[in-house]
Amino acid sequence: MKKTIYLILITLIIIPMCYAQDSPQWHLPEGAKMRLGKGKIRDIKYSPDGTTMAVATNIGVWLYDTQTSRELNFFPTGASSVRSIAYSPDGTILASGNNDHTILLWDVERGIVPRTLIGHTCSVRSVAF
């Protein structure tokens, strides 16, 4: 009996902590066209030319083609949740402000981080160029 109650309590605690985006097996609601990102969405920004949309989540940054809605790339941030994103004026760099007190400067075309800004004393909640 104790074991059954324990399992029920664990189930009630764990299930509400899941997000709909965490499982690609779950169907989209009626009328929905696509699911953005995977994980909890924190910020969304369009590239300066409007061709790409970046979606910041608790697992990284997803890039989408705005015309086709096709997923173009994923920039993983490891264990750090992304709080805010911003495109450089020319659209070649995407800055991400993260919970691990860093700002990552992503090379959008190559999907790499050529520079990490460190030294912040708490989560970076806003970035801008």
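Which residues make up the largest nonpolar core? Select Ala54, Ala56, Val61, Leu63, Phe75, Val82, Ile85, Tyr87, Leu94, Leu104, Trp106 and Val108, which form this core of 12 residues in all; a nonpolar core here is a set of buried Ala, Val, Leu, Ile, Met, Phe, Trp, Tyr and Cys residues joined through side-chain atoms within 4.5 Å, and buried means under 20% relative accessible area, with exposed over 50% and partly exposed in between (1.4 Å probe, protein chains only). At least two residues of this core are supplied by each of strand 2 (52-57), strand 3 (60-65), strand 5 and strand 7 (103-107), and the largest share, 3 residues, comes from strand 5. Strands are DSSP runs (E, at least two residues) numbered from the N terminus.

Before going on, note that this is a predicted model, in which local features need pLDDT of at least 70 and side-chain atom pairs count only at pLDDT 80 or more, while totals for chains, interfaces and linings use all residues. Residues are numbered from 1 along each chain as its sequence is written, and side-chain values use heavy atoms, with hydrogens and water left out.

Select alanine 54 next, and show its contacts (heavy atoms within 4.5 Å): leaving aside residues up to four places away in sequence, alanine 54 touches Asp43, Ile44, Lys45, Val61, Trp62, Leu63, Ile85, Tyr87 and Leu94. A second, separate core of 6 residues can then be coloured, and Ala95, Ile103, Val124 and Val127 are among its members.

Move on to strand 5 (residues 82-87), which is mostly covered, since 5 of its 6 residues are buried. Strand 5 runs antiparallel to strand 6 (residues 93-98), and 5 bridges join the two, where pairing requires that DSSP find at least two bridges between the strands. Valine 82 has asparagine 98 as its bridge partner in strand 6. The hairpin of these strands has 5 residues between them, and there glycine 91 takes a positive phi near 80°.

Finish with the charged side chains, where the count comes to 2 salt bridges, each being a side-chain nitrogen of Lys or Arg within 4 Å of a carboxyl oxygen of Asp or Glu. Select aspartate 43 and lysine 45, whose closest N and O atoms are 2.8 Å apart; aspartate 43 is buried at a relative accessible area of 15%, whereas lysine 45 is partly exposed at 30%. Then select aspartate 107 and arginine 110, which meet in a salt bridge at 3.0 Å, N to O; aspartate 107 is buried, with a relative accessible area of 14%, and arginine 110 is exposed, with 55%.

Methods:
Helices (H or I, at least four residues) and strands (E, at least two) are DSSP runs, numbered from the N terminus.
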